[in-house]
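This report looks at nonpolar packing and aromatic pairs. The structure comes first, then the details.

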Amino acid sequence: MGRLIKIIRPKIIIVLGQSAFDAMFCLDGLKIECIDPNKSTKSTFDEIICHQYRLQIDNSVIGVFPVYHPGANSNRNRSFEEQKQDWNKISKHY
């Protein structure tokens, strides 16, 4: 997936779920960084999705937005209203 990101160079990457977000940190040659100065140590996915992340490839900056996976059990972790706010946050940036 890292090679594909380097080729396509999308403007944003929306990461669906914690497992996918954790996998982003294993990509060869790519480094995701939190750009939120108020971020403390990583703990819960609820806290993770409240921060802003980016991936830099050469001179290109790609916004990385982790959100809960919108599957059948998505309301178990986060209400529908909170999920809409997460997606609206993305639209404000792009």
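## Nonpolar core

The largest nonpolar core has 17 residues. Ile-5, Ile-13, Met-24 and Leu-55 have the most contacts inside it. This is a predicted model.

Five elements are listed as giving two or more residues to this core: strand E1 (12–16), H2, helix H3 (45–48), E3 and strand E4 (60–67). E3 supplies the largest share, 3 residues. In soluble globular proteins, nonpolar side chains tend to be buried together.

## Contacts of Ile-5

Leaving aside residues up to four places away in sequence, Ile-5 touches Pro-10, Ile-13, Met-24, Leu-27, Leu-30, Leu-55, Ile-57 and Ile-62. Among these partners, Ile-13, Met-24 and Leu-55 are also named with Ile-5 for the most contacts inside the core.

## Aromatic pairs

The whole structure holds 4 aromatic pairs. In one of them, the ring centres of Phe-21 and Phe-25 are 5.1 Å apart and the planes stand at 85 degrees, so this pair is edge-to-face. Planes over 60 degrees apart count as such. Phe-21 is buried, at a relative accessible area of 1%. Phe-25 is partly exposed, at 41%.

Phe-21 also pairs edge-to-face with Tyr-53: 5.1 Å centre to centre, 65 degrees between the planes. Both Phe-21 and Tyr-53 are buried. Phe-21 sits in helix H2 (residues 18–24) and Tyr-53 in strand E3 (residues 53–57), so their pair ties together parts that are 32 residues apart in sequence.

## Ring cluster

Ring pairs join Phe-21, Phe-25, Phe-45, Tyr-53 and Tyr-68 into a cluster.

Methods. Residues numbered from 1 in each chain as written. Predicted model: local features only at pLDDT ≥ 70, side-chain atom pairs only at ≥ 80, totals over all residues. Heavy atoms only, no water. Phe/Tyr/Trp six-rings, centres within 6.5 Å; stacked < 30°, edge-to-face > 60°. Buried < 20%, exposed > 50% of the residue type's maximum accessible area, 1.4 Å probe, protein only. Helix = DSSP H or I, 4+ residues; strand = E, 2+ residues; numbered from the N terminus. Core = buried A, V, L, I, M, F, W, Y, C linked by side-chain atoms within 4.5 Å. Contact = heavy atoms within 4.5 Å.
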